[in-house]
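Me: Hi! I'd like to look through a protein structure together. Could you put it up, and then start with the words I'll need?

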Amino acid sequence: MIRFARTALVLFAFALALAAPADAALQDENADLTEKLEIGISTDEIAITSDFRGADLTIFGAVDGFDQGLLAQGRYNIIVSLEGPKDNATVRKKERVFGIWVNTSSMTFELVPESYSLSSTRDIETIAPPGEMGNMGIGVDHMRLVPLGFVGDGSNLGEFRNAFRRIRETSGVYERDPGGVQFISASLFKASVRLPANVPNGVHVVRAYLFRDGVFVAAKALPLRVVKTGLEQFITQAAHQQPLFYGLVAVLLAVVTGWGASFIFRKE
């Protein structure tokens, strides 16, 4: 038993000796990534009125601990995204049946952003390998689209995912702007992201990512609250908080409007 214990102790010490260089190498590699990222926005709340037609939001940021030589060579890249509140989204496929276009199949994706705007120093596909972008879920093409309660062989999953991206980009709620992030000084940068005209209410998230030579270095996130104001906000709140009262008023308005129109345009 003593001999076995000694043997086990020697093997354990040998294993530690082999693991030590790997740990040291990992620590040295992480120690090289000394850069830090900071971002800021002028406001943490945006009020949307009924005549809102969309707007550009400017984000300013700074890179601390950067290498001047690497910066001059353009080896730092930054990606900034504005991600809206998440909700389930359903994509439906229409086919012509007996001359009529009908929905034949559908797929619901779980908790996807209702709006998404992306800006970067250049095309994100050239900033880091697609696998890295996919793991981090950066970009419209790499967004995680997980079917809700999906049952099947997965043969049409890619088709529905591509359709979802195409619909969102065509409607303007998903946007991308390679070159939308620019360095304005040695360490300062600015980015412009788009708020679509039909921007959803709720808490949006501004995220910035720093890459060096294709390697992810740091990230920063800030919340941005989007709220509707005025009559539109009052109607929205009434519909959600007082649905019975809202329904009665809507019916009453319809009756009064119909009666008024018939009175005005009636023939003598």
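Reply: Happy to! Let's begin with burial: buried means under 20% relative accessible area, exposed means over 50%, and partly exposed lies in between (1.4 Å probe, protein chains only). Before we go on, this is a predicted model, where local features need pLDDT of at least 70, side-chain atom pairs count only at pLDDT 80 or more, and totals for chains, interfaces and linings use all residues. Residues are numbered from 1 along each chain as its sequence is written, and side-chain values use heavy atoms, with hydrogens and water left out.

Me: Thanks! How many salt bridges does a search of the whole structure find?
Reply: There are 11 of them. A salt bridge here is a side-chain nitrogen of Lys or Arg within 4 Å of a carboxyl oxygen of Asp or Glu. One of them joins arginine 225 to glutamate 45, at 2.8 Å from N to O. Arginine 225 is in strand β12 (residues 215-228) and glutamate 45 in strand β2 (residues 45-48), 180 residues apart, so this pair links distant parts of the chain. Strands (E, at least two residues) and helices (H or I, at least four) are DSSP runs, numbered from the N terminus.

Me: And is arginine 225 buried, partly exposed or exposed?
Reply: Arginine 225 counts as partly exposed, because its relative accessibility is 41%. Glutamate 45 is partly exposed too, at 39%.

Me: What does glutamate 35 form a salt bridge with?
Reply: Its partner is arginine 212, and the closest N and O atoms are 2.9 Å apart. Glutamate 35 sits in the loop between α1 (2-32) and β1, while arginine 212 belongs to strand β11 (residues 202-212), 177 residues apart. Glutamate 35 is buried, with a relative accessible area of 5%, and arginine 212 is buried at 17%.

Me: New topic: which way do the side chains point along strand β1?
Reply: They alternate along β1 (residues 36-41).

Me: Why would they alternate?
Reply: In a regular strand, side chains alternate between the two faces of the sheet.

Me: What's the order of strands in the open sheet of four?
Reply: The order is β1-β3-β10-β9, with antiparallel pairing. Because β1 and β9 (181-183) stand at the edges, each with a single partner strand, one side of each has no neighbour in the sheet. Two strands count as paired if DSSP finds at least two bridges between them. β1 and β3 (residues 55-64) have six bridges, with isoleucine 41 opposite isoleucine 59. Three bridges join β9 to β10 (residues 188-195), where glutamine 182 stands opposite lysine 190.

Me: Nice. How many aromatic pairs are there?
Reply: A search of the whole structure finds five. Among them, phenylalanine 164 and tyrosine 174 are edge-to-face, 5.8 Å centre to centre with 80° between the planes. Rings of Phe, Tyr and Trp (its six-membered ring) pair if their centres lie within 6.5 Å; planes under 30 degrees apart count as stacked, over 60 as edge-to-face and the rest as tilted.
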